[in-house]
Amino acid sequence: MSAHILTVDDSASIRLTTKIALTGAGYQVTEAVDGLDGLNKAKAGTFDMIVTDLNMPNMNGLAMIEALRSSPAHTGIPIIFLTTESDAEMKSRAKAAGATGWITKPFDPEQLVKIAKKVLGK
């Protein structure tokens, strides 16, 4: 069975790009439009990996990760940041919050697939 990935981004074009890349590699993708939507979908479903933007309305990616990591059911899920943010301090905050990895936009969809394969081991 293919791995199920939750993508969280307020940009429809980024959601489409990530979905095409990940489904093309054989993964199932569920989309969320902001951190709050992502948090609700993550709690309602079962995902093998989460790819999230940082700066979004309603709840940003960092707050979403912190909320997910405080739930025992979500402590082990790999979470990758996909963001325009490349600030070192923000990266260390994300790592402290529980982010597994970081991809800076604009991104190469192939790079995302490589990271998914590496993180998921499939």
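What covers the buried residues of H4? The cover includes helix H3 (61-69), strand S4 (79-83) and strand S5 (101-104), where helices (H or I, at least four residues) and strands (E, at least two) are DSSP runs numbered from the N terminus. This is a predicted model, in which local features need pLDDT of at least 70, side-chain atom pairs count only at pLDDT 80 or more, and totals for chains, interfaces and linings use all residues. Residues are numbered from 1 along each chain as its sequence is written, and side-chain values use heavy atoms, with hydrogens and water left out.

View 1. In H4 (residues 88-97), Met90, Ala94 and Ala97 are buried, which means under 20% relative accessible area, while exposed means over 50% and partly exposed lies in between (1.4 Å probe, protein chains only). Seen down the axis of H4, the buried residues fall within an arc of 60 degrees, so they line one face of the helix; the arc is that of the directions from the helix axis to the C-beta atoms. The face turned away from this buried side carries the exposed residues Ala88, Glu89, Lys95 and Ala96.

**View 2. The residue after H4.** H4 is followed by Gly98, whose phi is positive, near 120 degrees.

**View 3. Where H3 meets H4.** Leu62, Ile65, Glu66 and Arg69 in H3 meet Met90, Arg93, Ala94 and Ala97 in H4, contact being heavy atoms within 4.5 Å.
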